[in-house]
Amino acid sequence: RLALICFPRLGGTLDARRDRCVFPQVAAWANANDVPLFDPVPVYARYDLAGIRLNDIHLNERGHRVLAAALFDWVTSQGLVPVDALRGRPDAPPPP
């Protein structure tokens, strides 16, 4: 089954109400076609951006750990990957 992840820009501050997918037409298409779309903004919004990114588009090691744990939770909750097919949930650092 097709599923999409659409990342926001990570520059400056992240406003969970405003900053979403950098390709809004992709998000609209996914919604219109019942394609699961993972939006990491609510996850990132719990963290200080300076602590999870390298620059406006790249995450650092901590940011990748945060994303990995969130993606694990999402793919299993959406039934996209059976839980027993995975080795275990990655650990994410707690939000500050």
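**View 1. The secondary structure of the chain comprises 3 helices and 2 strands.** Here helices (H or I, at least four residues) and strands (E, at least two) are DSSP runs, numbered from the N terminus. Starting at the N terminus, the elements follow the order β-α-β-α-α. This is a predicted model, where local features need pLDDT of at least 70, side-chain atom pairs count only at pLDDT 80 or more, and totals for chains, interfaces and linings use all residues. Residues are numbered from 1 along each chain as its sequence is written, and side-chain values use heavy atoms, with hydrogens and water left out.

**View 2. Cys-6 and Cys-21 are joined by a disulfide.** A disulfide is counted for a pair of cysteine sulfur atoms within 2.5 Å, and here the S to S distance is 1.6 Å. The count for this model is 1 disulfide. Both partners sit in the loop between strand E1 (4-5) and helix H1 (24-32), 15 residues apart. The torsion about the S-S bond of Cys-6 and Cys-21 is about 45°, so this disulfide is right-handed.

**View 3. Cys-6 and Cys-21 are both buried.** Buried means under 20% relative accessible area, exposed over 50%, and partly exposed in between (1.4 Å probe, protein chains only). Across the chain, buried residues account for 32% of the 96 residues.

**View 4. The C-alpha trace of the chain spans about 35 × 35 × 20 Å along its principal axes.** Taking contact as heavy atoms within 4.5 Å, we find that 60% of the contacts between residues at least 6 apart in sequence join residues at least 24 apart.
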